[in-house]
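Welcome, and thanks for taking a look at this one with us. Please keep the viewer open as you read the briefing.

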Amino acid sequence: MQHPTTAADILDSMGRAGERLDHMGACEAGAGNISVSIRQTPPDLEDFFPETSEIDLPVSVPGLVGWTFFVTGSGSRLREVREDPRANVSVIQVKEGGTRAVWRTSPDKQFARPTSEFNSHLGVHEDQAVNSGKDFQAVIHAQPPYLVSLSHIPAIRNQVDFNRAIFRWEPETIVQVPDGVKVLDFMIPGGEELGNANVEGLRDHVIVLWSKHGIMVRSDASPLAAVDKVEYVETGGMYEFRNRLLIGATSAAGLPADQAGEGLHLSESQRVVDAFGVDTELYS
């Protein structure tokens, strides 16, 4: 899939991604943020962001010198990005040395600075650019309610049980997200510990779960393609959450346990993996 190359197309995909996340209930108020990195400078950049200043970057990113970043503003509502991208997004162009950047904004800007999670975003972008040779990357932080709710359950808050819980409801989930979700323990949002663990997790996964908080997802196609992956695993989380409610209700009513859903058996999931030639280690 060809990634967008113009500012207009990038902003459109960011806006549609923000709308979809809002429909999922994954970005309440100003929660959630989106960034896009692209190696070349979009030709229509000044049409959207004509004003320039300089800022210090929250982390040093020497591997991204010359790159252009689109990033939502601190406190911006993702549901409003499509309606008014100039008010909710700005652009950062990394200068030589990787510690400062040109900050491009619009006169319509409605925020004081880029998202507070920008350090986590930058770390992922640099890691993908340097270690994977990516020319384009979309990174999104959101708070899908079912995935976050399940991350509060200690018994499944680990790599094996969490993935088996959410991947057992729809056969296509393993096809679309073959590496599963990387599960991290709770860490302070915006901190160095979480930033480092997040970068490492996203090397081999497209989605990382920040337990008791949210997720981060990446895509080298577009922001909307990143949200597609979130939809698959959040749907699995919804089925798991509802099934647990059903188990509780049937137990309280004195009904037999077989009234609850069983999900896909491991052998059935393995049949899906074999049929579609999925390269995964989730069921090994």
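How many aromatic pairs does the count come to? The count comes to six aromatic pairs, and since this is a predicted model, please read each value below as computed from it. The points that follow cover the rings, the nonpolar cores and a set of strands.

**Aromatic pairs**

- The ring centres of Phe69 and Phe118 are 6.2 Å apart and their planes meet at 85 degrees, so this pair is edge-to-face.
- Phe69 belongs to strand β3 (residues 68–72) and Phe118 to helix α4 (residues 118–132), so the pair ties together parts that are 49 residues apart in sequence.
- Both Phe69 and Phe118 are buried.
- Tyr146 and Phe241 also make an edge-to-face pair, because their planes stand at 65 degrees, with the ring centres 5.5 Å apart.
- This pair links distant parts of the chain, with Tyr146 in helix α5 (residues 145–150) and Phe241 in helix α9 (residues 223–252), 95 residues apart.
- Tyr146 has 23% relative accessibility and so counts as partly exposed; Phe241, at 29%, also counts as partly exposed.

**Other ring contacts**

- One aromatic cluster is formed by Phe48, Phe49 and Phe70.
- Lys109 sits over the face of Phe111, 5.7 Å from the ring centre.

**Nonpolar cores**

- In soluble globular proteins, nonpolar side chains tend to be buried together.
- Here the largest nonpolar core holds 47 residues, and Met14, Leu21, Phe70 and Ile140 have the most contacts inside it.
- Helix α1 (residues 7–23) gives this core its largest share, six residues.
- Leaving aside residues up to four places away in sequence, Leu21 touches Ala26, Cys27, Leu78, Ile140, Ala142 and Val227.
- There is also a second, separate core of 15 residues, and Leu57, Val94, Trp103 and Ala129 are among them.

- Strand β7 (residues 181–184) runs parallel to β8, and four bridges join them.
- Trp210 in β8 has Leu184 standing opposite.
- Between β7 and β8 the chain passes through helix α8 (residues 192–204), making a right-handed β-α-β crossover.
- Strand β9 (residues 214–219) runs antiparallel to β8, again with four bridges, and Ile215 in β9 is the bridge partner of Leu209.
- β8 and β9 form a hairpin with three residues between them, and Lys212 in the turn has a positive phi of about 65 degrees.

Conventions
Residues numbered from 1 in each chain as written. Predicted model: local features only at pLDDT ≥ 70, side-chain atom pairs only at ≥ 80, totals over all residues. Heavy atoms only, no water. Phe/Tyr/Trp six-rings, centres within 6.5 Å; stacked < 30°, edge-to-face > 60°. Helix = DSSP H or I, 4+ residues; strand = E, 2+ residues; numbered from the N terminus. Buried < 20%, exposed > 50% of the residue type's maximum accessible area, 1.4 Å probe, protein only. Lys NZ or Arg CZ within 6 Å of the ring centre and 35° of its normal. Core = buried A, V, L, I, M, F, W, Y, C linked by side-chain atoms within 4.5 Å. Contact = heavy atoms within 4.5 Å. Pairing = 2+ DSSP bridges. Right-handed = clockwise from strand over helix to strand, strands pointing away.
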